[in-house]
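Colleague: I have a model open and would like to learn how to read it. Could you walk me through it?

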Amino acid sequence: MLRWLASGVVLLASAALAQEPARGDAAQGAELAQQLCRSCHLISPTDRGPVPDGVPSFVAIAGRPEASEAWIRARIMGDHPIMPQPPLTAQQNADVAAYIFSLRN
């Protein structure tokens with residue numbers, strides 16, 4: 001009985017890990033941000049230029065006290081005011097979040 005229970009726990013844990021994207025790749029995220037986010041956000045620390053009112057730079061997002069890669073992922077794909085849903089896979093979302101979080105000082 002205990003062996004069956006242990007097997008079930010391992011299977012559930014494996015299924016949960018399979019649903020999580022691999023760790024984000026900040027370099028890939030930077031490339032995606034150049035393509036998809038630049039029209040509204042300042043995406044690098046050296047970017048300058050006009051952006052829509054109230055749209056934070058990626059550096060400002062990374063610097064928020066509550067910022068973590070998981071928090072940024074959630075903001076991109078769900079709780080993201082004003083912005084339309086970005087066309088990102090779970091892995092791409094993880095990559096962009098890793099890039100943004102890499103800007104944290």
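**Reading the fold and its helix packing**

Modeller: Happy to! Keep in mind that this is a predicted model. Among contacts in the chain between residues at least 6 apart in sequence, 61% join residues at least 24 apart.

Colleague: Which pattern does the chain follow along the sequence?

Modeller: Reading along, you get α-α-α-α-α, that is, 5 helices and 0 strands. Of the 105 residues, 27% count as buried. The accessible surface is about 7,100 Å², with 62% of that belonging to carbon and sulfur atoms.

Colleague: How should I describe two packed helices?

Modeller: Two packed helices are described by the angle between their axes and the distance between the axes. Here, the axes of helix 2 (residues 26–36) and helix 5 (residues 90–102) come within 7 Å and cross at roughly 100 degrees. Angles of 65 to 115 degrees count as roughly perpendicular, so helix 2 and helix 5 are roughly perpendicular to each other.

Colleague: Which residues make the contact?

Modeller: Helix 2 contributes Ala26, Gln28, Gly29, Ala30, Leu32 and Ala33, while helix 5 brings in Gln92, Asp95, Val96, Ala98, Tyr99 and Ser102. By class, this contact of helix 2 with helix 5 has 7 nonpolar, 4 polar and 1 charged residues.

Colleague: And what are the buried residues of helix 4?

Modeller: In helix 4 (residues 69–77), they are Glu69, Ile72, Arg73 and Ile76. These residues cover an arc of only 105 degrees around the axis, so they lie on the same side of helix 4.

Colleague: Which helices do the buried residues of helix 4 pack against?

Modeller: Their packing partners are helix 3 (58–62) and helix 5.

Key:
Residues numbered from 1 in each chain as written. Predicted model: local features only at pLDDT ≥ 70, side-chain atom pairs only at ≥ 80, totals over all residues. Heavy atoms only, no water. Helix = DSSP H or I, 4+ residues; strand = E, 2+ residues; numbered from the N terminus. Buried < 20%, exposed > 50% of the residue type's maximum accessible area, 1.4 Å probe, protein only. Contact = heavy atoms within 4.5 Å. Areas by Shrake-Rupley, 256 points an atom, 1.4 Å probe, with all protein chains shown as cover. Axes fitted to C-alpha atoms, helices over the stretch in contact; angles between N-to-C directions. Parallel < 35°, antiparallel > 145°, perpendicular 65-115°, else oblique. Nonpolar A, V, L, I, M, F, W, Y, C, P; charged D, E, K, R; others polar. Arc of directions from axis to C-beta.
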